[in-house]
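Reader: I have a structure to go through and I'm new to this. Can you walk me through it?
Author: Here it is.

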Amino acid sequence: MASLQASSLLLASSSSRTRRISQAAIHVPKLPNLRISASRLSKTSTASVKMIEELCLNQPIINVIPSESPFKSQLQAILDAVADRVEMHNNIRQQRDNWNSLFLNSINMITLTASALSAAAPAVGALGAPLLALKLSSALLFSAATGMLVMVNKIQPSQLAEEQRNAARLFKLLQSQIQSLIMTGAPTQMDVDSAMEKVLALDKAYPLPLLGVMLEKFPKTLEPASWWPNSSNDYESQTKDEKAHFDGKQRRDSNGWSDELEAEMREVVEIVKTKDAEDYVRLGNLVLKVNKTLAISGPVLTGLAALSSAFVGDWSSAGMVVAAAAGSLAAAVNALEHGGQVGMVFEMYRNSAGFFGLLEESIKGTLEEKDWEKRENGHVFERKVALKLGRSLSQLRQLATKSAAAREEGISIDEFASKLF
């Protein structure tokens, strides 16, 4: 009994000790009782906001937006002007196309009407009707046709339209070049000056107004069109021993260039110069002679018809025959000249000769640069030349090889460089 009481007392004491230890272990100290009123909080936040505003107003504002390159801004201004010129040349080209068709139809209608009146005059006179009205009407119509033909043959509307068509195409090409330079490159002052010179050269090559600056429609000989800035380089001054300008390492293969590629480009230049350019100049001069003949014949025939119509019904029928025949021939000549757009064909040959001149100058200018690293990449340049001539790379190389072999044999190559036109 005594032992049972002792064990119960021991258990009670141990349980009370354990309870005190656990209470001490989980005891959490009391935090101070903070009371913050809503009015004090609002006043504090308002003061903080005012302090931040004062600091911001007193500090300078730092512009973190990167500024645009001044050269890109200048190129953008040039690009806007080029886009405007494309629109202007397109509009004027359409207007001058309309001139050609309207003048052609109007002059032929006037001429054929006057010829019909002259031919009908004897029949009217046989009926006893007065011929003065027919003779006067015929003479006036032939005279009007003569004046209109002189003016139209002087300005050549079909040639004017072709000029504007080429100008719009070249300005579009320049537009794409400037856009690429702005988007992908880091333009310099030299790029800006070059773009400006190209715009001014195109303005000079293809003027918009007619009076004062219109291109000569009947020059003595065809002069190839030139729409690029003049180059001061002199290709002909190069010596044959150009290897002295390069070191041995540079001659092997640098920036896509090699001795073989240079020789290939020189052969292409010679073919373009002696075959393609000369052929287009020859054809252009032939078309020029035809156009001159037609331009003179038309007004001469209508003028002869106007004089002959004054004698219709007098003495014999010779006046009527001459007037009717000359008027009909004048209508045919006018249809051939302006309906066939002979002036446009002449301008096409002139521009084609200019294209080959530009290609020749481009290749020569590239070869003049003695440092191969400063040139355009040789592989890219060769591909550009091939595309401009409508050939593949293998065809271009074969052409150069064939030209070199023909020169060694002392004969002329029988093939043109361009397969495009």
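Author: One definition before we start: contact means heavy atoms within 4.5 Å. This is a predicted model, where local features need pLDDT of at least 70 and side-chain atom pairs count only at pLDDT 80 or more, while totals for chains, interfaces and linings use all residues. Residues are numbered from 1 along each chain as its sequence is written, and side-chain values use heavy atoms, with hydrogens and water left out.

Reader: ok, so what does Asn291 touch?
Author: Not counting residues up to four places away in sequence, Asn291 touches Gln156, Phe218, Glu337, Val342 and Gly343.

Reader: and is Asn291 buried or exposed?
Author: Asn291 counts as buried, because its relative accessibility is 1%. Buried means under 20% relative accessible area, exposed over 50%, and partly exposed in between, with a 1.4 Å probe and protein chains only.

Reader: which helix is Asn291 in?
Author: Asn291 lies in α8. Helices (H or I, at least four residues) and strands (E, at least two) are DSSP runs, numbered from the N terminus.

Reader: how many helices and strands does the protein have?
Author: The protein has 12 helices and zero strands. Of its 421 residues, 36% count as buried.

Reader: switching to α12. how many residues has it got, and how far does it reach?
Author: Helix α12 covers residues 393-408, which is 16 residues, and reaches 23 Å from its first C-alpha to its last. That is close to the expected 22 Å, the expected span being 1.5 Å times one less than the number of residues.

Reader: which residues of α12 are buried?
Author: Leu393, Leu396, Leu399, Ala400, Ser403 and Ala406 are buried in α12. Seen down the axis of α12, they fall within an arc of 155 degrees, so they line one face of the helix. The arc is that of the directions from the helix axis to the C-beta atoms.

Reader: what's on the face turned away from them?
Author: That face of α12 carries the exposed residues Gln398, Thr401 and Glu408.

Reader: and what covers the buried residues?
Author: The cover includes α8 (259-309) and α11 (378-388).

Reader: at what angle do α11 and α12 pack?
Author: α11 and α12 pack at about 85 degrees, with their axes 9 Å apart. Axes are lines fitted to C-alpha atoms, for helices over the stretch in contact, and angles run from 0 to 180 degrees between N-to-C directions.

Reader: which residues meet there?
Author: Glu382, Arg383, Val385 and Ala386 in α11 meet Leu393, Leu396 and Arg397 in α12.
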